[in-house]
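Let's walk through this fold together, one piece at a time. Please have the model open as you read.

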Amino acid sequence: MNSIALLVILSGYLAVLFFIAHWAEKKGNSKWTNNPYVYSLSLAVYCTAWTYYGSIGVAADSGLSYLPIYLGPIIIAPSWILILKKIIRISRVNKISSIADFISLRYGNSRFLGAIVTVICLTGIIPYIALQLKAISETFHVVSKTNISSLVFNDTTTYVAVALALFASYYGTRYVDASEKRKGIVTAVALESVLKLVFFVIIGVYVTYFVFDGFDDIYQKASLLEKFKEKNTIGGLPQAINWFLLCILSIFAIFLLPRQFQVGVIENNRENHVNTAVWLFPLYLLIFNIFVYPIAWGGNILFDGKEVNSDAYSLLIPQLFNNQTLTVLVFLGGFSAAISMIVVSSIGLSTMVTNNILIPYNLIGKLKGNEQTISSKKILNTRKISIFSLIITSYFIYRFFGLNYSLVSIGMVAFVIISQLAPAFFGALFWRRGSRLGAIYSIIIGFIVCVYTLIIPYSLGLTSSSSTFISEGYLGIHILKPFQLFGLDYLDPIPHALFWSMLFNCITYFAVSVSFKGNYRERNYAEMFVDITKYSSNHENAFIWKGTAYRNDIEKVLIRFLGEERTKRAMNIFNLKYNVDKNIELADARLIKFSENLLTGHIGTASARILISSVVKEEKITLPEVLKILEESKENIIINKKLTETSNELKEISAKLQDANQSLMIKDQQKDEFLDTVTHELRTPITAIRAASEILHDDDEIPDELKKQFLQNIISESDRLNRLIDKILDLEKFETGKQTIHPTKNNLVQTVEKSIEPLQQLIRNKNIAIHIESKEKINAYYDEDRIVQVVTNLLSNAIKFCPEKDGLITIQIIEKDNFIHTFVQDNGKGINANDFEAIFEKFYQSTNQNIKKPVGSGLGLAICKQIIDHHKGKIWAQASLKGACIVFTLPKQKADFT
């Protein structure tokens with residue numbers, strides 16, 4: 001492709017990223033930017049140009065040895081539920097903005113330790129950024145089929161580096177508080193993660209199924225190549241140890257790389273987002289690696305005997321078949337992989353450089369002065385210059401030092417260098433005895449071993465020096481060979497360097513920490529880090545400080561960085577949180593810690609401590625005092641926790657009492673309504689009987705026909721009264737559990753027919769058609785007399801509500817699973833959906849009845865429900881196209897009816 005056209009595409013792509021970042025910053029807490037999937041995808045910044053190109057090169061040259069770097073994160077990912085969440089909680093509580101801040105804070109806010117961590121990170125990451133720029137440059141020229149120019153301004157990468165530096169400088173320093181979330185950067189990185197995965201899968205599918213005929217075809221053809229079998233076996237014990245050490249290396253990297261700490265910890269909005277990352281990130285790595293092998297060996301097949309760079313197979317294969325579109329897409333995927341690493345790493349490194357080197361060692365004197373000579377704007381500008389300088393420095397390393405090693409080899413060196421932080425970092429999380437001196441000496445000694453066994457040999461390799469250092473060892477001492485230190489000759493250079501550096505590092509860390517106890521501040525933070533769960537809600541209470549401090553002096557320092565309004569708001573929050581009188585002049589330990597946290601995001605933990613210490617008079621505290629205060633603090637926290645639990649229990653009990661009281665009031669009201677209704681229902685027939693009786697008693701001349709009518713009324717009302725009393729007694733027995741049923745195996749179809757027989761005259765009188773839809777025999781377990789009572793009641797209601805003409809009642813009996821379902825449906829006016837549950841209450845009569853109110857007690861359906869419930873069945877009303885439909889179920893098999 002023409003280089004100008006490719007530049008236009010790149011410019012357009014960068015413009016899209018700028019737009020996405022800008023949009024995400026404007027949206028703030030939108031669900032599109034603040035969700036677990038964006039967070040999880042941003043962690044895929046782990047997959048750099050190394051993954052995109054370098055893994056293919058390793059797979060092509062060395063077979064399966066590319067896998068351990070991805071196996072480590074996949075294996076350790078489940079532990080994020082505990083470890084990563086703990087790191088996030090510690091960082092959030094203490095306003096930590098970088099891994100240098102994290103380690104230095106744990107070991108007593110050590111300024112020197114923070115600087116060491118920063119130097120280690122710079123040493124490991126700057127050459128790695130340079131390699132990403134090199135990858136962009138080389139792949140650009142592969143796609144455009146042009147040669148790399150020796151002139152800086154003719155090199156496309158120059159302009160890419162400048163564009164990335166501007167992008168990272170602008171969106172990475174929008175807030176003076178470095179612990180603030182950069183939603184624009186994170187969203188852009190998440191988008192790049194999606195694109196690089198999609199484009200990689202596309203080229204994988206293309207190579208596997210379009211260039212070749214599937215995985216088997218590639219394997220069959222690749223197996224004919226020279227040394228195929230040797231390259232694609234794990235080997236014996238030595239190779240297994242190499243793999244194990246590489247897995248450990250990648251586990252360290254996923255926690256300790258500045259870019260991973262930045263997106264995984266600093267940019268985390270909610271701890272529960274980790275729950276999604278635990279499965280989504282490993283899945284991402286697995287999908288990415290599915291096609292590494294077919295692309296690598298597909299390239300080996302296609303370019304067998306040709307001098308080509310195996311790292312670029314993913315570009316060279318589609319280019320070989322003149323598929324220009326796919327070549328550009330793959331290039332954009334690799335470009336995304338490289339720039340996301342460059343941007344995030346430069347932001348993290350710039351924060352470390354500013355907060356752990358420039359401010360504490362250069363600007364802190366001015367900060368401690370009475371006049372404000374360093375504004376928040378100046379801190380922001382310092383960070384912007386740092387980001388720009390880091391990227392441009394990396395660019396010049398790439399331009400003038402060449403870096404002839406592969407992407408993977410330089411990436412591995414970076415991993416080993418960063419791994420020197422591991423003992424101090426994980427010791428900070430889990431070991432209270434870890435001390436500042438132990439952390440400092442262990443990192444320095446581990447780094448020296450790393451320099452000797454890895455960096456010096458690699459540097460000599462770069463310069464093509466004739467030195468015998470590698471082959472014969474220092475001063476010709478064979479046991480000091482950098483790649484075979486002390487005679488260990490079966491490890492590859494990277495695992496070899498990791499093993500010896502970690503061995504010396506860990507021994508030093510534990511030995512020095514045990515031999516030299518840390519000061520009270522270290523022990524204080526050790527307790528707060530290891531038991532962060534106890535202190536996360538009120539960590540200021542756990543901070544130990546003794547001395548004299550005035551609120552006014554502290555507020556003056558805060559105003560210089562936060563401004564008067566924000567300082568006032570922060571102090572109000574502190575006063576409310578701890579119920580402190582704002583008029584008190586003296587400050588306590590809680591305010592000291594609170595103030596340090598407010599400054600930490602701006603100038604780093606060490607500088608915040610130095611600055612606050614400059615306006616207070618601190619007294620030294622002995623270690624026994626620290627332990628005593630910590631114990632008291634623990635007891636207070638336990639007491640507070642118990643009080644909180646008791647308060648919550650009381651709230652629950654109070655809520656339950658209120659519910660019970662409400663329930664009693666409702667039951668009392670129902671009882672009153674029930675008694676009123678019963679009284680009314682009983683009075684109605686009694687009144688009718690009394691009226692008819694009085695007429696018969698008072699008037700002897702009543703005609704015989706009228707006399708018979710009155711007597712018939714008395715008999716009818718007496719029967720009605722008798723039925724009502726029976727129903728009330730029935731209902732009372734069911735509700736109190738005194739009523740028993742005697743289920744046997746019966747044919748439900750015959751029971752329904754038996755129930756219809758006494759009602760035939762009523763059915764004929766209203767010209768109602770009745771149909772039974774069922775098999776001839778459906779058996780179920782029930783008390784037949786009681787089910788006859790239910791069916792009779794339902795049919796009686798259906799008859800009452802059927803229209804005067806063309807009435808229709810349908811009874812459907814069907815088997816479903818372990819129950820028999822019986823549907824009784826009429827074509828009357830139906831039941832209001834709002835009444836579906838209420839119709840089974842006592843004395844309830846539907847509001848959707850015919851014009852003429854039918855006669856009824858309002859107890860029928862309530863009794864039906866009790867009967868069906870005692871049969872372990874259910875009864876309900878359901879929606880119907882026309883009329884009402886009542887459904888009840890009975891068990892097919894014998895059940896426990898007690």
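What follows looks at a sheet, the helices across it and one further helix.

This is a predicted model, in which local features need pLDDT of at least 70, side-chain atom pairs count only at pLDDT 80 or more, and totals for chains, interfaces and linings use all residues. Residues are numbered from 1 along each chain as its sequence is written, and side-chain values use heavy atoms, leaving out hydrogens and water.

Start with the open sheet, whose five strands come in the order E4-E6-E7-E9-E8 with mixed pairing. Its edge strands are E4 (768-773) and E8, each pairing on one side only. From one strand to the next, the twist averages 15 degrees. Strands (E, at least two residues) and helices (H or I, at least four) are DSSP runs, numbered from the N terminus, and two strands pair if DSSP finds at least two bridges between them.

Now look at E9 (residues 885-891), where seven of seven residues are buried, meaning under 20% relative accessible area with a 1.4 Å probe, protein chains only. Cys885, Val887, Thr889 and Pro891 point one way from E9, while Ile886, Phe888 and Leu890 point the other way. E9 pairs with E7 (residues 819-826) in the antiparallel sense over seven bridges, and Gln825 stands opposite Cys885.

Helix H35 (residues 784-801) lies across E4, E6, E7 and E9, running at about 170 degrees to E9; axes are lines fitted to C-alpha atoms, for helices over the stretch in contact (heavy atoms within 4.5 Å), and angles run from 0 to 180 degrees between N-to-C directions.

Finally, visit helix H27 (residues 551-562), where Arg551 and Phe561 are among the buried residues. Just after H27, Gly563 takes a positive phi of about 90 degrees.

Conventions: Buried < 20%, exposed > 50% of the residue type's maximum accessible area, 1.4 Å probe, protein only.
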